[in-house]
Every structure is written in C-alpha cells, then in structure tokens.
Amino acid sequence: MGGKWITIEGIGGSGKSTQVQMLEKYFLNSKGLEVILTKEPGGTNLGVELRKILVKDLEMKPEYLSELFLFEADRHETVKKIVEPNVSKGNIVISDRGIDGSIAYQGFGRGLPIPLINNLTALATDNRQPDLTILVDIDPIIAQERITKRGGDEFDKFDLEEHKFQEKVREGFLYSARINTNRVKIVDGSNSTDKIHQDIINIIEESI
Ligand code: ADP
C-alpha cells in the first residue's frame, strides 16, 4: 500500500474520533505503517486558530460565506502541509473530517450552493480528493445522546444546532456518498465500536 489520504466523516457524536484512534492502531500494529493523524478544522498551526473561531467561539457568528472561506483556508493548509508531503512519502494520513463536511454543513446545513462549495474545495485542495472516505452514518438523536454523555472538552458549536439542522447535515453526507460512490463508503454508526471498526477494515482491505 502506498501513501493514502483517508477521511472519516459524520455528524458530531457519530463516533468518528473513536474510529480514527482504532484505525491508527490497526495501521501501526497490523500493517507496521506510520500514520499521521489530522483533523478539519485544526490540523495545522493556522488551523488551530481557525478551529477556535469556527467551532469553539459561540460569540463569533461569521457570515455563512465567510465561514466557508475559513474552512477552505484550513483545508488548503492541511492539504499543502500535511496531506501532500506525507502521502508522497508513502505515509497514511487519516483525517477526522474532510472535504465532504463543507457539502454537509455549509451546503445542506447552511444552504450555500453546492457548485460554489465544490469549486472552492477544488481550489483549496488543488483538485485532490481523499483516496477513501468513511462516512459513519447515524441518527442524530443517538448522536446527541452520546454527545451529552461524553461531556469533556470536545465542545463543537455545530453540535448545538437544532435537530432539524443535524438531519440536513446527515442528508448532506449521504448525498455526497451517493455522488462519490467510488470514494465514499458508508458504515452504520449505531453499531458497537468494534463492529464499526471491523466494517471499516473490511472496506480498507477491499478498496485500497
Ligand atoms: P465524534 O468524533 O463523531 O463526535 P466520538 O468518537 O467522540 O464522536 O464519540 C462520541 C461519544 O460516543 C464518545 O463518548 C464515545 O466514547 C461514544 N461512542 C463512540 N462510538 C460509539 C459506539 N459505536 N457506540 C456507543 N458509543 C460510542
């Protein structure tokens, strides 16, 4: 297996971060491959600052288009500083969220036009797409229960949006999966963490 860029997507509380950790161990222990973990937003120095604005600061309410620009700026930094150099060295880059998040949140959630988002994302990524995207699909009601139980400092402003917003975001991820069937594979996030992990490994072994 050469270098790969794998993104894990889903609404907050779907279990993405849990699966990213499990996948890192799988690549290291079973495959002996070095893994670089990153996240959107927040994987680079600039991204850390953008993350504070985009997901932590409740007072900061950017215009939706400004919000999209900031996500795309974060994405450009990630692709240039983390994805390109590492994948070209043969490493595996796993990202907690990736390009589909803007379709789901800024497109379906906020209502910005999908072609605009696709154009900006293509610019931000130099037309590069993840080699594989795992969508952890889940009913927002279950996701919300998990977030409430999780507590801690994983606070994400988008998780505070109303139920209807989360439903639209879920639809956005499923839409992205439908139009990118080769790249995006769906797993059922309502299963146990071990079952989801096994489903993801099966997908990885089949497709990359
Ligand atoms: P995300 O990164 O998608 O927001 P997390 O991985 O942080 O989600 O998971 C949210 C919460 O749900 C955490 O407390 C986690 O331990 C728990 N969790 C994750 N996956 C599952 C699962 N498959 N079943 C039950 N609880 C889960």
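**Exercise 1.** In this predicted model, find which helices each supply at least two residues of the lining of the second largest pocket.

*Solution.* Start with the helices: H4 (100-109), H5 (114-125) and H7 (163-179) each put at least two residues into that lining. Next, pick out the top contributor: H5 gives the largest share, 5 residues. Then zoom in on the middle of the pocket. Of its 16 lining residues, Ile99, Asn118, Thr121, Gln129 and Arg183 lie nearest the centre.

**Exercise 2.** Sort the lining of the second largest pocket by residue class.

*Solution.* Go class by class: you get 6 nonpolar, 7 polar and 3 charged residues.

**Exercise 3.** Now work out what the largest pocket is built from, and which residues lie nearest its centre.

*Solution.* First, the volume: the largest pocket comes to about 580 Å³. Second, the lining: 30 residues surround the space, and Lys16, Ser17, Asp96, Arg150 and Glu154 are the ones nearest its centre. Third, the elements: at least two residues each come from helix H1 (16-31), strand E2 (35-39), helix H2 (45-56), helix H6 (140-150) and helix H8 (193-207). Among the contributors, H1 gives the most, with 6 residues.

Definitions and conventions: Residues numbered from 1 in each chain as written. Predicted model: local features only at pLDDT ≥ 70, side-chain atom pairs only at ≥ 80, totals over all residues. Heavy atoms only, no water. 1 Å grid on protein atoms, 1.4 Å probe; cavity = no way out; pocket = protein on both sides within 12 Å on 5 of 7 lines; lining within 4 Å. Points joined across faces, edges and corners; volume = space filled by probe spheres on them. Helix = DSSP H or I, 4+ residues; strand = E, 2+ residues; numbered from the N terminus. Nonpolar A, V, L, I, M, F, W, Y, C, P; charged D, E, K, R; others polar.
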